Amino acid sequence: MKLEKILDKLGSLEKNSFIKIIDNIISKNPKNGKEIEKLLSSSDKGLKSVDNQNISTIFNLTSDEFRKYIECEFQEITSQLDILIDIIIRDGNCIMKQDWFSRLYDTEIKNLKNKIKALNADFENDKSELSDKRKRDYKIYKACLHTAYYNDVENNRDSKVSSDELSIILTLSKQLGLSQEEIKLINYSILPIKKIEIQEVIKGLKNIGVIFYSSKENTIYVADEMVRVLRKIRQKEVAEKFYRRTLKLLREPIINQIAKDHNIDRKLDYSQKIEGIIKEGVSFTNLMLTGIYKTGSTLWVFRRDHATDFGQTVPL
């Protein structure tokens, strides 16, 4: 559902957190400040008195600044923001009853704990399907994240990953070719998952402006425009249906190679492996540039050197 239509359905109190965040972004001279000023010029009471259509337009004009604001929220790694965002950006989850969201959250936590247990077992098992290279990649990332998080404890400060540390960790994960799911599993193998009360989860997401919640209808709304911003943050460059369509063009040996690289069970059938790749959060751009070529192949070098912004050049 479009942001404008969601705003039309809600009262001022339910929109308040979102409006405050956008107001704060506007006060810091965003790059599209002049266009925003024109939209606000007819109002003498600021963003609160602007009609919903213009609020939607202003959000689109501040989307880059909003994305950076949400990325900063990831520094608080106990917030489980990665888990929660991955739930709300899935196809079909833009309108959810509280009860359904609670079930999805419970299932996600349960599945994550099982996967972490399996990953830790693979670390210890010399006969696991994880290659020595992939084990090394995981151990490098895990050691760096452990240091970034726990070095504060040694200095008698609360454990936290600073913005500089987070930037380095993100660069490292990208260079190691880790999927979002692999990153998540390693993160929560260091920081044990604690289930949060669903009302607290909803309150937290509402306070940072990524969802709207109608207490009268017990319904969560995620705007289409917000989903696009959050997918960019989670490196999901294309919608799942387009990703699925592209993967189905690949032969099974290539799908198997991708599955092997990202610790996805190759014994699953073809369709299940494709769904696993999508859910893992494997970067679409990295996959097309390097992931579909055999190790040692020189063909991908041509692709990499001649690609500008792959997300814009792929006709979907």
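Visitor: What share of the contacts in the protein chain with a separation of 6 or more comes from residues 24 or more positions apart?

Guide: Those pairs account for 70%, where a contact means heavy atoms within 4.5 Å. Keep in mind that this is a predicted model, where local features need pLDDT of at least 70 and side-chain atom pairs count only at pLDDT 80 or more, while totals for chains, interfaces and linings use all residues. Residues are numbered from 1 along each chain as its sequence is written, and side-chain values use heavy atoms, with hydrogens and water left out.

Visitor: What makes up the secondary structure of the protein chain?

Guide: You'll find 18 helices and 3 strands. They are DSSP runs numbered from the N terminus: H or I for helices, with at least four residues, and E for strands, with at least two.

Visitor: Why is tyrosine 243 called buried?

Guide: Buried means under 20% relative accessible area, exposed means over 50%, and partly exposed is in between, with a 1.4 Å probe and protein chains only. Tyrosine 243 has 6% relative accessibility, so it counts as buried. Phenylalanine 284 has 1%, so it is buried too. Over the protein chain, buried residues make up 46% of the 316 residues.

Visitor: And why is the pair of tyrosine 243 and phenylalanine 284 called edge-to-face?

Guide: Rings of Phe, Tyr and Trp (its six-membered ring) pair if their centres lie within 6.5 Å; planes under 30 degrees apart are stacked, over 60 edge-to-face, and the rest tilted. A search of the whole structure turns up 7 such aromatic pairs. In this one the ring centres are 5.2 Å apart and the planes sit at 90°, so edge-to-face it is.

Visitor: What makes this pair a tie between parts apart in sequence?

Guide: Tyrosine 243 belongs to helix H13 (residues 240-247) and phenylalanine 284 to helix H16 (residues 284-291), so the pair ties together parts 41 residues apart in sequence. Elsewhere, ring pairs join Phe18, Phe59, Phe66, Tyr69 and Phe212 into a cluster.

Visitor: How do you know that helix H6 is mostly covered?

Guide: Count them: in H6 (residues 81-88), 8 of its 8 residues are buried. The list runs Leu81, Asp82, Ile83, Leu84, Ile85, Asp86, Ile87 and Ile88. Among the elements covering them are helix H5 (63-73), strand E1 (95-97) and helix H7 (98-124).

Visitor: How much space lies in the largest pocket, and what makes a set of points a pocket or a cavity?

Guide: The largest pocket holds about 1200 Å³. On a 1 Å grid over the protein atoms alone, a pocket is an open set with protein on both sides within 12 Å along at least five of seven lines, a cavity is a set of points where a 1.4 Å probe fits but cannot get out, and lining residues have an atom within 4 Å of a point. Grid points are joined across faces, edges and corners, and a volume is the space filled by probe spheres set on the points. Of the 50 lining residues of the pocket, the closest to its centre are Arg231, Lys232, Ile233, Arg234 and Gln235. H12 gives the largest share of the lining, 7 residues.

Visitor: How many residues of that pocket lining are nonpolar, polar and charged?

Guide: They split into 20 nonpolar, 14 polar and 16 charged. Ala, Val, Leu, Ile, Met, Phe, Trp, Tyr, Cys and Pro count as nonpolar, Asp, Glu, Lys and Arg as charged, and the others, Gly among them, as polar.

Visitor: Is arginine 231 buried or exposed?

Guide: With a relative accessible area of 14%, arginine 231 is buried. Its place is in helix H12, and it touches Ile89, Arg90, Asp91, Lys236 and Ala239, not counting residues up to four places away in sequence.

Visitor: How many cavities of 30 Å³ or more does the structure have?

Guide: The search finds 2. The largest has about 100 Å³, and its lining includes Arg231, Tyr243 and Phe284. That lining comes to 6 nonpolar, 2 polar and 4 charged residues. The second largest cavity has about 30 Å³, with H7 supplying the largest share of its lining, 4 residues.

Visitor: How far apart are isoleucine 19 and leucine 47?

Guide: They are 28 residues apart in sequence but 7.1 Å in space, C-alpha to C-alpha. Isoleucine 19 is in helix H2 (residues 12-26), and at 6% relative accessible area it is buried.
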